[in-house]
Amino acid sequence: MPPTPRLLVVDDEPNMRTVLQGLLAREGYLVETAADGQAALDALHRTGGAVHAVLTDLRMPGIDGMQLLAEIVKRYPGRPVVMLTAHGTVDTAVEAMKVGAFDFVTKPFNADELRAVMKKAVNTAMADLDIVEGSGRQDAAQAPEGPDAAPPATSDAGEATRPVDPNQPIGRYGMIGRSKSMQDVYQVLNKVADMPTTVLITGESGTGKELVAQALHESSSRRGRPFIRVNCAAIPETLIESELFGHEKGAFTGAIASKPGRFELADKGTLFLDEIAEIPPEMQVKLLRAIQESAFERVGGLKTMKVDVRLVAATNRNLQVEVEEGRFREDLFYRLNVVPIHLPPLRDRPGDIPLLVEHMLERFNGRLKKNVKTLAAEAEAAFRAYSWPGNVREMENVLERLVLFCEGEEIGADLLPEELKSGGSTVGLNAAPRLDRDLTGRVSMKELVRETTAQLEKELIIQALEQTHGNVTRAAQLLMISRKSLQNKMKEFNLREEG
Ligand SMILES: Nc1ncnc2c1ncn2[C@@H]1O[C@H](COP(=O)(O)OP(=O)(O)OP(=O)(O)O)[C@@H](O)[C@H]1O
Ligand SMILES: [Mg+2]
């Protein structure tokens, strides 16, 4: 079970502290409070930095919010700090973002917005930091609970909960990422690369599933043997059996010669079944048998073929749900899911963004004969705040365009595409109307929800179509809806097929 997230709320106004503590405690967080910057630092020191996120007021006597932020960035790197700023001090808030604040919320605050921001901060911390709770392991197990408890024996509080050793390589197997979640991926990869076990790679589109499949092959003793990829979504249903298992001459119209399938081609190597969820039901049965017995027949053939193939499968769908809804055979699912590797979406590991940017800039500079060195601070903040629905692939595309259009050595925020400029995701909570603003016209909640949902659907569809260059089938896959319902929605929103 994941630990209960801990928050530290810092505000010099007692009433405000009480309100914030109550509101966040109701969300299930363990909330500690501090009356000023010094008290906050003391509390952090006492617990060995074991909080998932800090919410702090900006103006406080003594050590103020900005100074506190700077100290936390220095001593407890990676700890998300959310700033509470009075109306009219947005400049300072932007300044805070540059120093490394996770986000800011303006006072008087909107409770929904605050909840959403804190949730995002906590999720980020959960993904990137290795914070353990009282009942957990070593150092943090000694973290005292009460405010009066003695300081921990170790004086180097920051190190105890440091996410990942920064000296660790920034990536493995051609994958960039130093976050906790990526380290976990490398670890599993390391362990299973040379085993005959089937691996199922899951993750949203563009998270690097194919990269992992290749890495598995390259770091196994099968390297040097064939790595054969089959995109199950791209092969017409009628051809998939012969593609996988081959066919004999005359097996069907057009089969003028016999031909080996991908299973045979991958003999002694790795067979990568990409987009496995798209495989039709009859083929699922045949595939199951081929996996169980390492044997199959060519279409129209009588001889049973035996091969030695290491299987890797990938999908951006939730196969468990596909099973529950009857689209994917349970027995096949269990056969494939022997070792699962889940790739985190980019928005859950924002700490890796600067590394990825650096790495990609180098690549695009070489390719485009440019000399772009860095993102301006504001642009980098936008990169971190954006939700990246298309993950690393989307970021590659955005950066390539930016490098192309950038004149100097630094990419300014003005060059960013609209979806990044609008500060965070164009979808989800940020796009939802604010009650305080929108309810003044006395709109019913139902109506509001309906409108917002429609708006959100439309935006998601446009994004998916853009990403797939107007390919409706691919866009439907991205959105995990059927092609038919995508077309209906497109009609409803007046979106034409060409995108
Ligand atoms: N961790 C990473 N480090 C560097 N590049 C990455 C990383 N993850 C993905 N990429 C790059 O992002 C692009 C998309 O990766 P990949 O094709 O492996 O994603 P995918 O999960 O298979 O996506 P889809 O579901 O759309 O097929 C590739 O160009 C890949 O090189
Ligand atoms: Mg892929």
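I started with the fold and counted 22 helices and 18 strands in the protein. Both are DSSP runs numbered from the N terminus, helices being H or I of at least four residues and strands E of at least two.

Before going on, I noted that this is a predicted model, where local features need pLDDT of at least 70, side-chain atom pairs count only at pLDDT 80 or more, and totals for chains, interfaces and linings use all residues. Residues are numbered from 1 along each chain as its sequence is written, and side-chain values use heavy atoms, with hydrogens and water left out.

Next I looked at burial: 44% of the 499 residues count as buried, meaning under 20% relative accessible area with a 1.4 Å probe, protein chains only.

Then contacts (heavy atoms within 4.5 Å). Among those with a separation of 6 or more, 69% join residues 24 or more positions apart.

I went through the rings of Phe, Tyr and Trp (its six-membered ring), which pair if their centres lie within 6.5 Å. I got seven aromatic pairs, and ring pairs tie Phe-245, Phe-263 and Phe-296 into a cluster.

Last stop was Asn-365, which I found in helix H15, residues 353-368. Asn-365 is buried, at 12% relative accessible area. Its side chain reaches the backbone oxygen of Val-372 at 2.7 Å, a polar contact by the rule of N or O atoms within 3.5 Å, one able to donate a hydrogen and the other to accept it. Setting aside neighbours within four places in sequence, I listed Lys-370, Asn-371, Val-372 and Val-403 as contacts of Asn-365.

Definitions and conventions: Chains lettered and ligands numbered in written order. Buried < 20%, exposed > 50% of the residue type's maximum accessible area, 1.4 Å probe, protein only. Phe/Tyr/Trp six-rings, centres within 6.5 Å; stacked < 30°, edge-to-face > 60°.
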